[in-house]
Amino acid sequence: MPEFLMKPKIDFAFKEIMMDEKARTGFLSAVLGLKPEDIKETQILNSSLRKIHEDDKLGILD
């Protein structure tokens, strides 16, 4: 088995994998114990909090 360039447990790699709808549906079906065809739709919501003032810190929800 070839080695991964990056392990899927790394935050960046996991987020990139989850951008693919088929991978996301497969992951959710495995975790929730559902058939993939029972999952009608998945969505990725924006996780960055908007900066209101120029000196505000960037907030990211995980």
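Biologist: Which percentage of the contacts in the protein with a separation of 6 or more comes from residues 24 or more positions apart?

Modeller: This is a predicted model, in which local features need pLDDT of at least 70 and side-chain atom pairs count only at pLDDT 80 or more, while totals for chains, interfaces and linings use all residues. Residues are numbered from 1 along each chain as its sequence is written, and side-chain values use heavy atoms, with hydrogens and water left out. Contact means heavy atoms within 4.5 Å. Of the contacts with a separation of 6 or more, the share from residues 24 or more positions apart is 14%.

Biologist: In what order do the elements of the protein run from the N terminus?

Modeller: Helices (H or I, at least four residues) and strands (E, at least two) are DSSP runs, numbered from the N terminus. The protein has two helices and two strands. Their order is α-α-β-β.

Biologist: Which geometry does the pair of Phe-14 and Phe-27 have: stacked, tilted or edge-to-face?

Modeller: A search of the whole structure finds one aromatic pair. Rings of Phe, Tyr and Trp (its six-membered ring) pair if their centres lie within 6.5 Å; planes under 30 degrees apart count as stacked, over 60 as edge-to-face and the rest as tilted. Here the ring centres of Phe-14 and Phe-27 are 5.4 Å apart and the planes stand at 75°, so the pair is edge-to-face.

Biologist: How many residues apart in sequence are the parts that this pair ties together?

Modeller: Phe-14 belongs to helix 1 (residues 11-18). Phe-27 belongs to helix 2 (residues 21-32), so the pair ties together parts whose separation in sequence is 13 residues.

Biologist: Is Ser-29 buried or exposed?

Modeller: Buried means under 20% relative accessible area, exposed over 50%, partly exposed in between (1.4 Å probe, protein chains only). Leu-32, at 56%, is therefore exposed. Ser-29 has a relative accessible area of 8%, so Ser-29 is buried.
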